[in-house]
Amino acid sequence: MTRDPGYNFAYLDESTKRMIRRAILKGVAIPGHQVPFGAREMPLPYGWGTGGIQVTAAVIGPADVLKVIDQGADDTTNAVSIRAFFRRVAGVATTERTAEATVIQTRHRIPERALTENQILVYQVPMPEPLFRLEARIAETKRMHALADYGLMHVKLYEDIARHGHIATSYNYPVMVNGRYLMSPSPIPAFDNPKMDRMPALQLFGAGREKRIYAVPPYTSVRSLDFEDHPFRPIRAPHACTLCGARDSYLDEVLTDDRGGRIFVCSDTDHCAERQASREAAE
Amino acid sequence: MSNALLSARGLVLRFGRIAALDGVDLDIWPGEVVAIVGESGSGKTTLLRALSGLVRPEAGSVTYAGQDVLAMGEAARRDLMRREWGFVHQNPRDGLRMGVSAGGNIGERLMAVGARHYGNIRAEATAWLQRVEIDPDRLDALPRTFSGGMQQRLQIARTLVTRPRLVFMDEPTGGLDVSVQARLLDLIRALVAELGLAVLIVTHDIAAARLLAHRIVVMRHGRVVEEGLTDRVLDDPQHPYTQLLVASVLAA
C-alpha cells in the first residue's frame with residue numbers, strides 16, 4: 001500500500017505525534033488518570049472519533065495492521081472512512097479480522113475475541129469525565145480525582161437502585177482502575193466491562209473535543225463499581241444470534257420490516273462471520 | 001486547657017480594610033454546645049468558616065484533637081470533614097443535593113467513608129429520617145418536594161449519619177417561620193444530647209442560643225467582646241455591647 005506523499009506519515013506532524021506520545025506515556029504510568037493534551041483539528045467532525053484517530057496516528061507504524069470498528073461493525077461509515085483515511089495517509093495494511101490486527105480503533109465496543117499482548121485497543125471517547133453528570137465544575141472533579149473522593153459515584157448507583165430496583169446503567173458503566181482512579185470506559189456496553197479487567201492488550205482512550213487521553217496498561221485491574229448486595233451484572237439480550245447462533249456474544253436488535261419483525265444479531269461482525277464460516281466448514 | 005476538642009488562637013483575617021477576625025481565641029470541649037452571637041458583619045460566619053478550614057486565616061492557629069488543622073493537607077482535611085466533622089448550612093440548598101433523593105442525600109456520607117451495602121445504607125437512611133421526624137415513605141422523594149423545615153431536618157440527618165464529634169451550624173434556623181424554628185431547635189437539642197456532640201452554632205437569635213448553648217461567645221467587629229456560661233452572659237451581661245444585644249430582644 002502506498003501512502004499519499006502530500007501528507008506526513010499518519011497525517012499529524014512529528015512534533016504533534018511526540019506531544020501525544022508523551023500524554024500516552026503519562027497515561028500509561030498513571031492508569032485511569034486523564035492527561036490533558038493539545039488535540040488538533042482533524043479532517044472529521046467532533047464526535048466521529050477525533051480523539052481516537054489522533055491516538056492511533058501517534059502509535060501506528062508502517063508495519064502495523066489496522067482494524068476499525070464502530071459499534072462492533074467493520075462495515076459502517078465511520079469504520080470504513082477511518083480505515084480509508086489511514087490507508088491513504090499512512091499506507092498501512094487494514095483488516096476486518098480481529099486476530100490479524102495490531103492496532104484496533106473502536107467506537108463503543110470491545111471485540112468478542114480475546115485480545116493479545118501484541119495488540120493495542122484505541123477507544124474513541126466522547127466524554128472522558130465519569131463524574132460529569134454528577135458534578136458540573138471541572139475544577140471540583142479534578143480535586144475529587146486527586147483525593148480519590150468518589151462517594152458521589154456511588155450516590156448515582158444508589159439512586160439507580162432506588163428508582164429502578166437495579167443498577168440501570170447499561171453502557172458507560174463507571175470502573176475503578178488499579179484500585180485508584182475512577183474511569184469512564186467510554187460508552188461501551190456494561191457487557192464489555194469485564195473484558196477490560198487484566199486485558200493483555202494495551203488500552204488507550206482519546207477524547208478529541210475534551211482534549212484528554214487516558215490509558216489502561218496490560219494486565220491492570222479494572223473493576224466495575226457496585227454494591228455488595230447489588231453486584232455488577234453484565235447485561236445482554238437473552239437471545240441467540242440469528243446468523244451464527246451465538247449465545248455468549250453482545251447482540252444488536254435489528255428491525256426487519258414494518259410489521260414488528262425483528263432479529264437479534266451479533267454486534268461484532270467479524271466474530272459473527274468467523275462463527276458462520278466455521279459452521280459452514282463443519283457441515 | 002489541653003484537652004479541648006477544637007481550639008483556636010489569635011485568628012486574624014481581613015477583607016481589605018475590614019478586620020473580619022481580629023485576634024480571636026476560642027476553645028470547644030467534647031460534648032459542649034457553644035453559640036456565637038453578634039450582629040450581622042461581626043465576623044461570626046467568618047469565624048465558623050476559618051475554624052472548619054473553609055477559609056484560611058492570615059494568622060493564628062486552629063488545633064483539632066491535637067492536629068494542626070491549617071497545616072493539614074486537603075485530603076486529610078476532607079477526611080476529617082467526612083468522618084469527624086459536620087457542617088449545617090443556613091440554606092439547606094447549600095448542604096443538600098437537590099437532584100438526589102432523601103435517601104441518597106443521607107447515604108452520601110456513608111458511601112464516602114466506604115459503605116458498600118445498599119440494604120444497610122437504606123436501612124440507616126430510613127432510621128435517620130425517622131429520627132429527624134420525616135415520614136420514611138419520603139425516602140425516595142427529592143428534597144425539592146420538601147418544605148423548608150423538612151429540608152433543614154434532612155440536612156441535619158445527612159450531616160449526623162456518620163456520627164461526627166463536632167458539628168458547625170451556620171444559623172440553622174434562619175429563614176424558617178417561628179413554629180418550625182421551635183421544632184427544629186427542639187430536635188437539635190435532643191440529638192445533641194443523645195449523641196454527645198460538640199456543636200459550634202452561629203446565630204443572631206438570642207432565644208435560640210439560650211435554648212441550645214452551654215456557653216455563649218459574643219462577637220463584635222471581629223473580636224470576642226464577652227464569653228461565658230449562657231445564663232451568666234444573658235442574665236448579667238458585662239460588656240456594653242452585650243447589654244445592648246440582650247436588651248434588644250423582643251419579648252413575646
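## Nonpolar cores

The largest nonpolar core of this predicted model has 69 residues, and those with the most contacts inside it are A:Tyr158, A:Phe227, B:Ile106, B:Trp128, B:Leu154, B:Val199 and B:Ile216. A nonpolar core is here a set of buried Ala, Val, Leu, Ile, Met, Phe, Trp, Tyr and Cys residues joined through side-chain atoms within 4.5 Å, where buried means under 20% relative accessible area, exposed over 50% and partly exposed in between (1.4 Å probe, protein chains only). H5(A) gives the most to this core, with 7 residues; helices (H or I, at least four residues) and strands (E, at least two) are DSSP runs numbered from the N terminus. Apart from this core lies another, of 33 residues, among them A:Phe9, A:Ile20, A:Leu202 and A:Ala215.

Not counting residues up to four places away in sequence, A:Phe227 touches A:His154, A:Leu157, A:Tyr158 and A:Ile161 in chain A, and B:Met111, B:Arg116, B:His117, B:Tyr118 and B:Ile121 in chain B, a contact being heavy atoms within 4.5 Å.

## Basis and confidence

Residues are numbered from 1 along each chain as its sequence is written, and chains are lettered from A and ligands numbered from 1 in the order in which they are written. Because the model is predicted, local features need pLDDT of at least 70 and side-chain atom pairs count only at pLDDT 80 or more, while totals for chains, interfaces and linings use all residues; side-chain values use heavy atoms, with hydrogens and water left out.

Chain B averages a pLDDT of 90, and 98% of its residues score at least 70, pLDDT being the predictor's confidence in each residue, from 0 to 100. For the complex, the predictor gives an ipTM of 0.85 and a pTM of 0.86.

## The largest pocket

The largest pocket has a volume of about 1,100 Å³ and is lined by 30 residues, of which A:Glu140, B:Met81, B:Arg97, B:Glu108 and B:Arg158 lie nearest its centre. On a 1 Å grid over the protein atoms alone, a pocket is an open set of points where a 1.4 Å probe fits, with protein on both sides within 12 Å along at least five of seven lines, and lining residues have an atom within 4 Å of a point. Grid points are joined across faces, edges and corners, and a volume is the space filled by probe spheres set on the points.

H2(B) provides the largest share of the lining, 5 residues. Among the elements that each supply at least two lining residues are helix H4 (138-146) and H5 of chain A, and helix H4 (102-112) and H6 of chain B.

## A sheet in chain B

Chain B holds an open sheet of 4 strands in the order E2-E1-E4-E5, with antiparallel pairing; two strands pair if DSSP finds at least two bridges between them. Strand E2 (18-28) and strand E5 (67-68) are the edge strands, each pairing on one side only. Strands E1 (residues 6-15) and E4 (residues 59-64) are joined by 5 bridges, and B:Leu6 stands opposite B:Tyr64 in E4(B).

## Individual residues

A:Lys67, in strand E2 (residues 65-70) of chain A, is buried with a relative accessible area of 0%. Leaving aside neighbours within four places in sequence, its contacts include A:Asp74, A:Glu96, A:Arg97 and A:Asp270.

A:Asn172, in the loop between helix H5 (151-164) and strand E6 (175-177) of chain A, has a positive phi near 55° and is partly exposed at 27% relative accessible area. B:Arg163 also has a positive phi, near 50°, and is partly exposed at 46%.
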